[in-house]
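Here is a short briefing to read alongside the sequence and the 3D view.

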Amino acid sequence: MISFYPGPSRVYEEIPSYIKDAYRGGILSMNHRSAECMHLMKQTIRELKRKLRIPAGYTILFTSSATECWEVIAQSLINTKSIHIGNGAFAQKWYVYTKALNANTEYISFGINEVLNPDKTIFDSANLICLTQNETSTGTQVSDSILKKIKALNPDSLIAVDATSSMGGITLNFSSADIWFASVQKCFGLPAGLAVLICSPRAVKRALEIGESNHYNSLINQLQMAEKFQTTHTPNVLGIYLLYRVMQNSPTITQTHARVVAQAKKWYSFFDSHASLKTLIQNPNAKSHTVITVTATPPAIKAAKARARKAGILLGAGYGNLKETTFRIANFPAIKPAEINKLIRCLR
Ligand SMILES: *Cc1c(COP(=O)(O)O)cnc(C)c1O
């Protein structure tokens, strides 16, 4: 089965051989306080910074999932209020999880074919602004220029960005926000169970000022351990090793971005001229590069999914209330051109 599911998604085909290497090299039973493990962490962080162009002064932490990152941010980085702006199920979930830990939390929604308006919303009272760069449930994205505007208009607030379904696939300008995170089972083409949490010096400073340390994963506890390339608990060492190998083997994000964006353009124009299948997002400034959501009547969606399945292709189901009227196509770097061509032939 060729998976076009936008997470967990197709993994790089080198993964089995990397796992074999990990077994042979003793990675699977490596002590997480050993010099070897600290070296692996250091190398992985170096590769991530180099390949994704993450500023040198930013700190990279390893967590288990994007969901854990939502909670870490809620428990360790809010001193007054947080505001969430979104247009889909993942932004909404982040808000719900945050609200459970911090009552002073607000959600502002905008339409899926609208561009997030940085002027219209009122962030004044919030010390933390939460945005979903790529909304996996609907297939929309927020541009760097909007992130920059929000940052410029709110110099005292921290900006946290969920980039779970875009990091590793497109170029992100990390200096436009303070906290970035992604789990690896989407654009990184890796098995689930690991996420990266990236903090700017400003975010680190804020965590220290707030001083919250009640949890094993409190940000200051994680930061303290990260200084010696360790974690607060036994981490997913295999996941970190696989991330290291994939990053080491991948071109710079600029090259990957060019390939992913060119393919996204092809997908959008394919559906523009399709008789019955259309893309849900029509606004060119809101369209995601990495998750293409296709809409049609429920019978046409069902038929397309069945035809794909027969051809050995798994399409991503529509998310939540979009289940009957959409399917999703992951446009992630691990998917091969031949596989894309096969899906095109099948949907034509
Ligand atoms: C998949 C996804 C998540 C959840 O990731 P987990 O690793 O399951 O916690 C969060 N946000 C976005 C935007 C996602 O696509």
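## Backbone, ligand and side chains

Arg 53 sits in the loop that runs between helix H2 (35-52) and strand E2 (59-63). Please keep in mind that this is a predicted model. The points below start with the backbone at that residue, then move on to the ligand, the cysteines, the aromatic rings and a few distances.

**Backbone angles worth a look**

- Most residues other than glycine have a negative phi, and most peptide bonds are trans.
- Arg 53 has a phi near 60 degrees, a positive value in a residue other than glycine.
- With a relative accessible area of 53%, Arg 53 counts as exposed, because the cut-off for that class is over 50%.
- Phe 229 also has a positive phi, of about 55 degrees, although it is not a glycine.
- Pro 8 itself belongs to the loop between strand E1 (2-3) and H1.

**Around the ligand**

- The shell around the ligand is made up of Ser 65, Ala 66, Thr 67, Trp 70, Phe 90, Asn 134, Thr 136, Asp 162, Thr 164, Ser 183, Gln 185 and Lys 186.
- By residue class, this shell divides into three nonpolar, seven polar and two charged residues.
- Helix H3 (residues 66-76) gives the most to the shell, with three residues.
- Thr 136 has a side-chain N or O atom 2.4 Å from an oxygen atom of the ligand.
- Asp 162 places a polar side-chain atom 2.7 Å from a nitrogen atom of the ligand.
- Gln 185 has a polar side-chain atom 3.0 Å from an oxygen atom of the ligand.
- On its own the ligand has 390 Å² of accessible area, and the protein covers 86% of that area.

**Cysteines**

- The count of disulfides comes to zero.
- Cys 69 is in no disulfide, and the nearest cysteine sulfur, that of Cys 199, is 8.8 Å away.
- Cys 69 is buried, with a relative accessible area of 0%.
- For Cys 187, the closest cysteine sulfur is that of Cys 69, at 16 Å, which is too far for a bond because a disulfide needs the two sulfur atoms within 2.5 Å.
- Cys 187 is buried too, at a relative accessible area of 1%.

**Aromatic pairs**

- The count of aromatic pairs comes to eight.
- In one of them, the rings of Trp 70 and Tyr 97 have centres 5.5 Å apart and planes at 70 degrees, so the pair is edge-to-face.
- This pair links distant parts of the chain, with Trp 70 in helix H3 and Tyr 97 in helix H4 (residues 89-101), 27 residues apart.
- Trp 70 is buried, with a relative accessible area of 4%, whereas Tyr 97 is partly exposed at 34% relative accessibility.
- Trp 267 and Phe 270 also form an edge-to-face pair, at 6.0 Å centre to centre with 75 degrees between the planes.
- Because Trp 267 and Phe 270 are three residues apart in helix H9 (residues 253-272), about one helical turn separates them.
- Trp 267 and Phe 270 are both buried, and together with Phe 271 they form one aromatic cluster.

**Sequence separation and distance in space**

- Ile 19 lies in helix H1 (residues 15-24) and is partly exposed, with a relative accessible area of 33%.
- Pro 284 is in the loop between strand E11 (278-279) and strand E12 (291-295), and is exposed at a relative accessible area of 64%.
- Pro 284 and Lys 342 are 58 residues apart in sequence, and their C-alpha atoms are 26 Å apart in space.

Notes: Residues numbered from 1 in each chain as written. Predicted model: local features only at pLDDT ≥ 70, side-chain atom pairs only at ≥ 80, totals over all residues. Heavy atoms only, no water. Near = heavy atom within 4 Å. Polar contact = N/O pair within 3.5 Å; in protein donor to acceptor, adjacent residues only side chain to side chain. Areas by Shrake-Rupley, 256 points an atom, 1.4 Å probe, with all protein chains shown as cover. Helix = DSSP H or I, 4+ residues; strand = E, 2+ residues; numbered from the N terminus. Nonpolar A, V, L, I, M, F, W, Y, C, P; charged D, E, K, R; others polar. Buried < 20%, exposed > 50% of the residue type's maximum accessible area, 1.4 Å probe, protein only. Phe/Tyr/Trp six-rings, centres within 6.5 Å; stacked < 30°, edge-to-face > 60°.
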